[in-house]
Amino acid sequence: AQKVTQAQTEISVVEKEDVTLDCVYETRDTTYYLFWYKQPPSGELVFLIRRNSFDEQNEISGRYSWNFQKSTSSFNFTITASQVVDSAVYFCALHYNQGGKLIFGQGTELSVKP
Amino acid sequence: DGGITQSPKYLFRKEGQNVTLSCEQNLNHDAMYWYRQDPGQGLRLIYYSQIVNDFQKGDIAEGYSVSREKKESFPLTVTSAQKNPTAFYLCASAGLPNTEAFFGQGTRLTVV
């Protein structure tokens, strides 16, 4: 089965704390792509990062970093020194070649309090 | 400007009526998607299309229909057969599989 699981429904932190959002995926394909999106209160999804299945290098972009581990089928997202503007719903997504589907996890609602 | 446009932003309909949600893109993308978002359930795939005149059912296609007569357009019809149509609907488009999907602003449908 092809599936994306974000077990954390809601996370609440205080500004400047580090926070990690978990994402676990299932797929039979050997070639696939993983994504993270941010959904602010306005509702429109904003793309953050993509990873293909052959690239396990971790990535850092400012306060954001991503850890991709094929051995555990995980693609976790860490925000360092969180800010109130980081408050949003974050989605992990999987695109796999068989059939071209793009599927999403349930989302994690992050609340960063001042 | 290039992008993906959904209209209207808010839509109200009476129970038993069909309603069509518009989705247009000028990004020259081949793939287009429709999702439904309910609180606590993330984004669930309704239909998707990888090429003009072809589309596939997603995970929750019952009570919905689509067409893909033009590359730019992928309208979604919510039929009276959909038992619980009130939701937030998002349309997306994507180019190659290794590129990100672009999303519209969404349509919030309320059926009364």
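Author: A salt bridge is a side-chain nitrogen of Lys or Arg within 4 Å of a carboxyl oxygen of Asp or Glu. This is a predicted model, in which local features need pLDDT of at least 70 and side-chain atom pairs count only at pLDDT 80 or more, while totals for chains, interfaces and linings use all residues. Residues are numbered from 1 along each chain as its sequence is written, chains are lettered from A and ligands numbered from 1 in the order in which they are written, and side-chain values use heavy atoms, leaving out hydrogens and water.

Reader: With which residue does Asp86(A) form a salt bridge?

Author: Asp86(A) lies in the loop between β9 (74-79) and β10 (88-96) of chain A, and its partner, 23 residues apart, in the loop between β7 (59-61) and β8 (64-69). Strands (E, at least two residues) are DSSP runs, numbered from the N terminus. The closest N and O atoms are 2.8 Å apart, and the partner is Arg63(A).

Reader: Is Asp86(A) buried or exposed?

Author: Buried means under 20% relative accessible area, exposed over 50%, and partly exposed in between (1.4 Å probe, protein chains only). Asp86(A) has a relative accessible area of 1%, so this residue is buried.

Reader: Which residue of chain B meets Arg50(A) in a salt bridge?

Author: Arg50(A) lies in strand β6 (residues 46-52) of chain A and the partner in the loop between β9 (87-94) and β10 (102-103) of chain B, so the pair joins two chains. Arg50(A) is partly exposed at 37% relative accessibility. At 2.8 Å, N to O, the partner is Glu100(B).

Definitions and conventions
Helices (H or I, at least four residues) and strands (E, at least two) are DSSP runs, numbered from the N terminus.
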